[in-house]
Amino acid sequence: MKLCRFDHDHLGLVLGEHLVEVTDLFDRTPPWPAAPGDWIVRQAVEMGAELAVRAAGSPKTPLGDVRLESPVASPGKIIGAPINYRAHIEEAHADQGIGFGRSFADLKEHGLFLKASSALIGPSEEVRLRFPERRSDHEVELVAVIGREASQVSRERALDHVFGYAIGLDMTVRGPEWPVFRKSADTYAVLGPWIVTADEIPDPNGLDLSLRVNGELRQSANTRQLIYDVQALIEYASSFYTLHPGDLIYTGTPEGVSQVRPGDVMDCEIGAIGRMHVGVAKAWFSQAPAADGGVAARPLKTARSY
Ligand code: MN
């Protein structure tokens with residue numbers, strides 16, 4: 001199954017070039033107090049394949065007619081893996097515009113970082129760059145979406161806790177500050193175009209991933225080059241904290257990171273997931289936003305259409 005969110009919190013299953021709406025199959029009233037994690041992912045995991053069965057026969061809408069939002073609405077945690085591809089470590093050492101004097105040898109010397117969930121947007125919104133005088137880079141990454149609580153899970157059981165996979169952009173302001181801060185600006189976490197459930201991707205550690213900027217290839221690699229693969233990251237993350245449904249693990253970016261500028265278009269692709277095009281807004285974040293706070297800056301959850 002491919003589960004997407006579109007047009008202000010509608011939910012759909014993607015079938016080729018169309019989607020069928022499944023919003024009405026979900027309970028929209030969370031229990032009180034709300035359990036940790038994402039309420040939609042929690043229900044999708046419980047429904048499992050029944051979701052597709054119950055959606056069969058529903059009217060189809062062309063994908064091109066909708067605006068795709070982040071397929072996870074409210075992740076409790078957005079977890080990032082730094083320096084998880086060898087060639088990216090080498091480029092970070094060679095280019096101090098990336099490395100800022102830090103030395104990188106092994107992910108576990110630094111641990112994982114968290115991105116603020118307020119940074120999250122979907123592919124139909126735009127990344128809105130901050131700070132014209134500073135470098136903001138693209139980082140395309142495979143993202144694992146947690147489906148079931150995970151605490152101290154073993155490598156062997158790690159994938160049992162995954163709901164599915166999506167494409168992520170871990171947008172990054174380069175500089176000396178902690179990654180948790182530089183990578184948390186509004187719109188600097190992109191997720192999309194949908195979640196492909198884990199049953200369709202039995203091995204997440206063998207997927208081609210690439211990113212083009214304005215049609216020019218910048219990043220091209222395969223997730224088999226991950227130093228800590230998806231199972232290792234879940235084992236490691238869950239040794240420190242409990243993972244909840246909807247938590248996102250950005251698994252790290254390969255070499256080829258580079259600066260994006262206002263008006264650029266990023267075209268991301270991961271085998272078995274699909275493609276997503278993400279625009280970079282023409283206006284800087286500091287420039288006067290629209291009266292509603294700007295499309296990219298508007299919290300998605302305030303814009304329900306039902
Ligand atoms: Mn990254």
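Glu139 and Glu141 are both buried, meaning under 20% relative accessible area, with exposed being over 50% and partly exposed in between (1.4 Å probe, protein chains only).

A word on the ground rules. This is a predicted model, where local features need pLDDT of at least 70 and side-chain atom pairs count only at pLDDT 80 or more, while totals for chains, interfaces and linings use all residues. Residues are numbered from 1 along each chain as its sequence is written, and side-chain values use heavy atoms, leaving out hydrogens and water.

Now for the strands, which are DSSP runs of E with at least two residues, numbered from the N terminus; two of them pair if DSSP finds at least two bridges between them. Strand β19 (residues 274-280) pairs with β9 (residues 126-127) in the parallel sense over 2 bridges, and Glu126 has Gly279 as its bridge partner. β19 also runs antiparallel to β18 (residues 265-270), joined by 6 bridges, with Glu269 opposite Arg275. β18 and β19 make a hairpin with 3 residues between them, and Ala272 in the turn has a positive phi of about 75°.

What about disulfides, cysteine sulfur pairs within 2.5 Å? The count is 0. The sulfur of Cys4 has its closest cysteine sulfur in Cys268, 17 Å away, so it is too far for a bond. Cys4 is buried at 1% relative accessibility, and Cys268 is buried at 0%.

How values were computed
Helix = DSSP H or I, 4+ residues; strand = E, 2+ residues; numbered from the N terminus. Disulfide = S-S within 2.5 Å.
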